[in-house]
Amino acid sequence: MRLPQNSPVKRFALPCIIVCAVILAAAAAYVYSRPWHRGFIVTPMYTLAHTNKTAALTFDDGPSRERTPRLLALLKKYNVTATFFMTGYHIGQYPEIAKAVYRDGHLIGNHSFHHRRLIFKSPSYIGREIDAADALIRNTGQTNVQYFRPPYCKKILLLPLLLKLRGKTLVTGTYDPPSEYKTPYNSTNIANEVLENITPGAIIFLHDGSGDNADAFIDSVERIIQGLRAQGYVFARIDR
Ligand SMILES: [Zn+2]
């Protein structure tokens, strides 16, 4: 059956096809870039470059008054250097603790300013989140802020492009122990999950930003350090 020249079906067919194609392309990009080891535009750093028995402890969402100073003391006791992905908001709250992290030889990475999902946000919003946290990190004394870990590891769509334009490295990770998010907080379970699932070159997620369960948090990190050392691992910052 031939449709008349001005048929509404004909008029809307092309726009519908274009909209459907755009939605399908966005969905495909989202599905493709969802895993930590893949990204849209850039490939994230999800393990260390070398795969000998080295592990990187990374601590997100801090600094906090409750966990971070005690964590620094623990890392010093075991002579371990680590990477801290801080939010600008928390550096603003505890600038002296952030400076102590830098002074102790740890690497500070950018974890945005407000810790909001940086998807479906405007380029200017995402840019401000990156740049504002960068400025606060530089105030600690660390002049180069190379590494950025997205809040919730959500890295689509504009964020990778904006990081690339700024010459930054997008970091995800290798292993995030599920028990760290469970209630009640169980340090033994967290440590066991890490010790059983670790692979050489792993980048391990932990969180020093919470004000809760500081005793159990410190206990879990100590068990992880002791357990991985017993397995023959050494620890490194993600840039080493
Ligand atoms: Zn986070």
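These are my notebook entries on a predicted model of one protein chain.

**Ground rules.** Residues are counted from 1 along each chain, following the sequence as written. As the model is predicted, local features need pLDDT of at least 70 and side-chain atom pairs count only at pLDDT 80 or more, while totals for chains, interfaces and linings use all residues.

**Overall look.** The C-alpha trace spans about 80 × 40 × 35 Å along its principal axes. I then looked up burial: 38% of the 240 residues count as buried. Buried here means that 20 or more other C-beta atoms lie within 10 Å of the residue's own, exposed means 12 or fewer, and partly exposed is in between, with C-beta atoms placed from the backbone. Next came contacts, meaning two residues whose C-beta atoms, placed from the backbone, lie within 7 Å. Among contacts between residues at least 6 apart in sequence, 78% join residues at least 24 apart.

**Domains.** The domain assignment gives domain 1 (1-33) and domain 2 (54-235); such bounds come from an automatic or database assignment. I noted 43 Å between the two domain centres, taken over C-alpha atoms.

**Gly62.** I found Gly62 in the loop between strand E1 (54-60) and H2. Is Gly62 buried or exposed? Gly62 is buried, because 27 other C-beta atoms lie within 10 Å. Leaving out residues up to four places away in sequence, Gly62 touches Arg67, Thr68, Phe84, Met86, His90, Asp208 and Gly209. I also checked Leu24, which is 38 residues from Gly62 in sequence and 37 Å away in space, C-alpha to C-alpha.

**H2 and H4.** Helix H2 (residues 68-77) packs with helix H4 (residues 95-103) at about 15 degrees, their axes 10 Å apart. So H2 is roughly parallel to H4. For the record, axes are lines fitted to C-alpha atoms, for helices over the stretch in contact, and angles run from 0 to 180 degrees between N-to-C directions. Under 35 degrees counts as roughly parallel, over 145 as roughly antiparallel, 65 to 115 as roughly perpendicular and the rest as oblique. Thr68, Pro69 and Leu72 of H2 meet Ile97, Ala100 and Val101 of H4.

**Asn79.** Past H2, I looked at Asn79, in the loop between H2 and strand E2 (83-86). Asn79 is exposed, because it has 9 other C-beta atoms within 10 Å. Asn79 and Phe235 are 156 residues apart in sequence, and 9.2 Å apart in space, C-alpha to C-alpha.

**H6.** Which residues of helix H6 (residues 158-165) are buried? I get Leu159, Pro160 and Leu163. Seen down the axis of H6, they fall within an arc of 100 degrees, so they line one face of the helix. That arc is taken over the directions from the helix axis to the C-beta atoms. Their cover includes helix H5 (123-138), strand E4 (147-148) and strand E5 (169-170). After H6 comes Gly167, with a positive phi near 75 degrees.

**H7 and H8.** My last stop was helix H7 (residues 187-197) and helix H8 (residues 214-230), whose axes come within 8 Å and cross at roughly 30 degrees. That makes H7 roughly parallel to H8. Ile190, Val194 and Leu195 are among the H7 residues making the contact, and the H8 side includes Arg223, Ile224 and Leu228.

Conventions: Helix = DSSP H or I, 4+ residues; strand = E, 2+ residues; numbered from the N terminus.
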